[in-house]
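Subject: Two-chain model for your review

Dear colleague,

I am handing over the structure we spoke about, and my notes on it follow directly below. Please read them beside the coordinates.

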Amino acid sequence: MQVKKPWWQSGGVRIALALVLLILFGGAVSGIYLSQIPPEQPIAFPHKTHVALGAQCTYCHPAAAWGPNAGLPGISKCWGCHQQVQKKSPELEKLAGYVQRNEPIPWVPVAIQPDFVKFNHQPHVQAGIACETCHGPVSQMTVALPQPRQNMGWCLDCHQRMRPNDFVRLSDCATCHY
Amino acid sequence: MAEERPAKWGLVVDLDRCTGCNACIAACSMENNVPFVGEDEVAYGRALYWIRTQRYWEGEYPAVTPTFQPVMCQQCGNAPCEPVCPVYASVHSEEEQINLAVYNRCVGTRYCANNCPYFARVFNWFDYELPEPMRSYLNPDVTVRRRGVMEKCTFCVQRIVRGRQKARAEGRELRDGEIQPACVQACPAEALVFGDLSDPESRVSQLARSQRRYHLLEELGTLPRVTYLKGVGNHGG
């Protein structure tokens, strides 16, 4: 005689449950993966090469010293050096093309914050925070890579660690959200 | 670096000087990306203004005179909006000593607005799309709020933060009157004065000690940061 199985032991329910879990897991994995891959850049700019040659971060991103946004270099900044350098790479031909057409280079910003977060580079640079603290080991990157897990807890953790006496101000909502 | 002390921001509204021109409202809406909702929505009671001018008529016709009273968030020290928020989106800023509306936390229960005795909080009932060239008018320093979020006057906290960061970068203290919210900057009659109430010598402190001072609904014990100076004469009309 066949014993009636409880509903949760039936094959259909188990397969459906497995499918739902698989979809959720797959969605989570692909979501994390897609948010971590660097976006396509117009020119595959090799940070590694430039840092190795001794270029400072603030030479190409100078506004970090005085403004909220560090800025991305335009054709005049790139061409200032590269018109005197032999164009060996196909990427430099792309740059020459932008210069010839007098077009801005459509760089894709990588280190971006949501609209409701108001980040300002200037106080961080003034406090002596190295660029690598937040932007990762840029000296080993070609195109800039997004850094994972840069969320509010990460910001507050650093604020608390670096400036424990100033934490009331640095944990205030209005410091970053307005 | 200059020694920093926490500021206690305050606003003084001199009703003797206010002409009811509504320049403060226009300036506030432009500074803080407050959408213009249109006539129909205002008729439904869904107006979005962070500051409004209350108009009163005094006397009998034909000898009527108008008086005007700009009303914005009073930035209460003991704010009724704060304890009712279930998600801590309406919080008190320890540093700036003002009430904050944290847009990214808000879930739109509207408890805070219902508990505000000054009707200072307004709700985004819809997403108000701007036609294409108008999007360039948006202030990049202020979040564009989406549907279902409560908002209110912030004393232009973006200008406070920016001003303090500028003073720190230059290694000096903030000067009195250096930070001005948009309404104060726009007021042609200088009816609005903004400054640090913890500094007894600042212009706003001196005006707030005036004998004409009063607070809106003082008896509720909300300890507002906005001081009104009562009009004493018969003006306008």
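Two residues are taken to be in contact when heavy atoms of theirs lie within 4.5 Å. On that basis, among the contacts in chain A between residues at least 6 apart in sequence, 63% join residues at least 24 apart, and the corresponding share in chain B is 65%. Please keep in mind throughout that this is a predicted model.

Chain A

The secondary structure of chain A consists of 10 helices and zero strands, so that, read from the N terminus, its elements run α-α-α-α-α-α-α-α-α-α. Its radius of gyration is 24 Å, which is well over the 16 Å that the globule rule gives for 178 residues, and chain A is therefore more spread out than a compact globule. The C-alpha trace of chain A spans about 90 × 50 × 30 Å along its principal axes. Of its 178 residues, 23% count as buried, and the chain exposes about 12,500 Å², with carbon and sulfur atoms supplying 64% of that area. As for charge, chain A carries 14 positive and 9 negative side chains, and the centres of these two sets lie 10 Å apart.

One annotation falls in this chain: an unreviewed UniProt entry lists residues 117-177 of chain A as "domain: Cytochrome c7-like".

Chain B

Chain B has six helices and 10 strands. Its radius of gyration, 18 Å, is close to the 18 Å that the globule rule gives for 237 residues, so chain B is as compact as a globular protein of that length. Its C-alpha trace spans about 50 × 50 × 40 Å along the principal axes, and buried residues make up 47% of the 237 residues. The accessible surface of chain B comes to about 12,500 Å², of which 51% belongs to carbon and sulfur atoms. Chain B has 27 positive and 29 negative side chains, with the centres of the two sets 2 Å apart.

Local backbone features in chain B

Most residues other than glycine have a negative phi, and most peptide bonds are trans.

- Tyr61(B) and Pro62(B) are joined by a cis peptide bond with omega of about 5°, and Pro62(B) sits in the loop between strand 2 (51-58) and strand 3 (65-72).
- Cys156(B), although not a glycine, has a positive phi of about 50°; it is found in the loop between strand 7 (150-151) and helix 4 (157-169), and its relative accessible area of 4% makes it buried.
- Leu217(B), also not a glycine, has a positive phi of about 45°; it belongs to the loop between strand 9 (213-214) and strand 10 (226-229) and is partly exposed, with a relative accessible area of 35%.

What surrounds Arg145(B), and is this residue buried or exposed? Arg145(B) lies in the loop between strand 6 (122-123) and strand 7 of chain B, and it counts as buried because its relative accessible area of 8% falls under the 20% cut-off. Leaving aside neighbours within four places in sequence, its contacts are Asn32(B), Asn33(B), Val34(B), Trp50(B), Tyr103(B), Asn124(B) and Glu151(B). The C-alpha atoms of Arg145(B) and Pro35(B) are separated by 9.2 Å, although these residues are 110 residues apart along the chain.

Key. Residues are numbered from 1 along each chain as its sequence is written. Chains are lettered from A and ligands numbered from 1 in the order in which they are written. This is a predicted model: local features need pLDDT of at least 70, side-chain atom pairs count only at pLDDT 80 or more; totals for chains, interfaces and linings use all residues. Side-chain values use heavy atoms; hydrogens and water are left out. UniProt positions are given in the numbering used here, feature names are shortened, and annotations may be inferred rather than shown by experiment. Helices (H or I, at least four residues) and strands (E, at least two) are DSSP runs, numbered from the N terminus. The radius of gyration is taken over C-alpha atoms; the globule rule is 2.2 Å times the number of residues to the power 0.38. Buried means under 20% relative accessible area, exposed over 50%, partly exposed in between (1.4 Å probe, protein chains only). Accessible areas come from the Shrake-Rupley method with a 1.4 Å probe; for residues, only the protein chains shown count as cover. Lys and Arg count as positive and Asp and Glu as negative; His and the chain ends are not counted. The place of a charge is taken as NZ of Lys, CZ of Arg, CG of Asp or CD of Glu.
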